[in-house]
Amino acid sequence: MDLLEYQGKQLFAKHGIAVPSGEVADTVDEAVAAAEKIGYPCAIKAQVLIGGRGKAGGIKIAKDAGEAREYADAIVGMDIVGPHGEGPFRVDQVWIEGGSDIAEEYYASVILDRGEKKLLAMVSAKGGMDIEAVAAEDPDALVKRHIDPTREFTVADARAIVADAGLAEDALDAAAEVLVKLATVAAEEDANLIEVNPLIVTADRDVVALDAKVTIDGNALFRHQELAEIADTVDDPQEQMAKEKGLTYVKLDGNVGILANGAGLCMSTLDVVAQAGGAPANFLDAGGGSKAEAIVNALEVIKSDAKVTAILFNIFGGITRCDEIAKGIVTASGQIDLGVPLVVRLDGTNSEEGLRILAEADLPNLHQEKTMLDAARRVVELAGGAS
Amino acid sequence: MSIIVGGETKLAVSGLTGREGSFHGLRNKAYGTDLVAGVTPGKGGQDVEGVPVFDTIAEAVTEAGANTSMIFVPARFAAPAIDEAIESGVETVIAITEGIPVLDMLKTYWKAKEAGVRLIGPNCPGVLSPGKANVGIIPAQFFDPGPIGVVSKSGTLTYQIGNELKQAGTGNSSIVGIGGDPIVGSDFIDILKLYEADPETEMIVMVGEIGGDAEERAAEFIAAEVSKPVVAYIAGFTAPPGKQMGHAGAIISGSSGTAAAKKEALEAKGVRVGESPTETAAIAVEVLRGL
């Protein structure tokens, strides 16, 4: 689960990392009121879960109330597209914070290195820009050190890293302390990624986190009540509905609704549909041992996406029994009007029984295919052109 | 031979008294796995259909001779249960549980390393050695004994490929589900090493997916250390960045962890990568017939 900048900063503040004080606003009027309270100059920052906000016009510095209104008006409600084409992300909230007097801009992060099975601390004196570009251009400018999982990460360890990164001599102690605190946030808040870009040194030589990118481990939310509440707010209506029904669902852009059992098979189904020339509308893993009720729920979620013009069920029954899936499809078609063609491929445990149930029910607009590839071709054909 | 589980496996199941644990534990027993014990704190002295239950895994080791532990404990209690298994004296721990916090696993990973215990999973379907033993939730009916070793991050996708291999008249030495979490006890490389040394395994099918760099690391390892042919499949070409695709570990971060990069890394080292599960099985059969 990714946190918005201001949520990340609140987490930093809780652990004693200096951040500019500010307020969050949902409307232009609230933003202007916040700016008046904080004083000028102040930064008005779009709160979206994607990088490259500055380039997209989502961060502006206001010098007076007139500018605050002008910028807030432009930013609230704007759509921001990520550097890799992600999104667009609609700006529902802005964060207003006091302007900072920046002397130096650094980069600091603590991330989970999956390959090495350790946390990795990274620091660079070249902050404030795309760190991947910095690392590609000048690898030595980004100092990377693994944190030993068997002992405490000390200020002395951190100081060696920030010194190697070439940070200003008089900022080393404060920067080292920030790095230790970032590692503490990772450990205590179950954060798998914490990135501060830029980490600034002010004219008064204070070290302050001017941005915050934090990813919390969704599996650990049971021990973080406040973060779990943030996770409960999902913007997309289909994703919200799926969450309430306990389904693993990811909304995509296409028109072919997809349900499969198992995350790997579901990803593979998306790929095969795309290879057949179709555009998947979603990822939906019905999970192991899916029962009839789960199928009804899944169809409701898929169907609630108005873009969907055909649906593919790709089931390879292991623990999941194909007769249960077939019963679920029959039950669901009695409860909801699908209105779009449904292609079903059932293989594996009890598939013969499942196929018999579907044949007997003789549902209109239901098409059976024997293999995953034939099913993908069929659903793409029935879905028509990409939406 | 076969790897990780086989005729010598003596299994203790943590969570055998639970619904899932008893269902799958007893299925494993019915397949022929030597299920020697169940473990549930506070339920020592009871039995599940004749299988004795102990309070601790250590007791299952000393009293019943267990050498392999399977963890079927709910996520928030699972890491301590794995730690207990690591310290109990078993050689192998297979963790099926999904949803364990990643930083808990990070600590547990290093405990297993230090103790010299082989940890498979978590969030995995387990290990099946067809005709010998099944530890986990893999439906054994889709797999026959044979010369192909399979290692995979995914469950159902593996059943799909295994079933196609069976229909083509071949089978498997073992099927190892390494799990779909960001931190797993054994990576592709650990299992490739075992298959390379296993005389019954003539070739290997590797099933990966988006997220992390385990496939890229495996590609390097295959080029340097694996003499047997490897065929691969990667799922998630259509996955958008930043979205978790079912598995906790299946996520593209920025521009890293993409299916395209993994395919490219494998192909650069001479590993053939199938476009679909069906094509992957077909390539495997073709490679096998050419051996």
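Mentor: Helices here are DSSP runs of H or I with at least four residues, strands are runs of E with at least two, and both are numbered from the N terminus. Before going on, keep in mind that this is a predicted model, where local features need pLDDT of at least 70, side-chain atom pairs count only at pLDDT 80 or more, and totals for chains, interfaces and linings use all residues. Residues are numbered from 1 along each chain as its sequence is written, while chains are lettered from A and ligands numbered from 1 in the order in which they are written.

Now the helix itself. H5 of chain A covers residues 155-164, and A:Ala158, A:Ile161 and A:Val162 are buried in it. Looking down the axis of H5(A), you find its buried residues within an arc of 95 degrees, so they line one face of the helix. The arc is taken from the directions that run from the helix axis to the C-beta atoms. "Buried" means 20 or more other C-beta atoms within 10 Å of the residue's own; 12 or fewer is exposed, anything in between is partly exposed, and C-beta atoms are placed from the backbone.

What does that face pack against? The buried residues of H5(A) meet strand E9 (118-124), strand E10 (142-147) and helix H6 (172-189) of chain A. Contact here means that two residues have their C-beta atoms, placed from the backbone, within 7 Å.

Zooming out, chain A holds 13 helices and 19 strands, and 48% of its 387 residues count as buried. It is split into domain 1 (1-19 + 101-233), domain 2 (21-99) and domain 3 (237-383), with bounds from an automatic or database domain assignment. Between the C-alpha centres of domain 1 of chain A and domain 3 of chain A there are 42 Å. The C-alpha trace of chain A spans about 80 × 55 × 40 Å along its principal axes.

Then there's the partner. The contact takes 43 residues from chain A and 50 residues from chain B. On the side of chain B that touches chain A, H4(B) gives the largest share, six residues. That side has 25 nonpolar, 17 polar and eight charged residues. Ala, Val, Leu, Ile, Met, Phe, Trp, Tyr, Cys and Pro count as nonpolar, Asp, Glu, Lys and Arg as charged, and the others, Gly among them, as polar.
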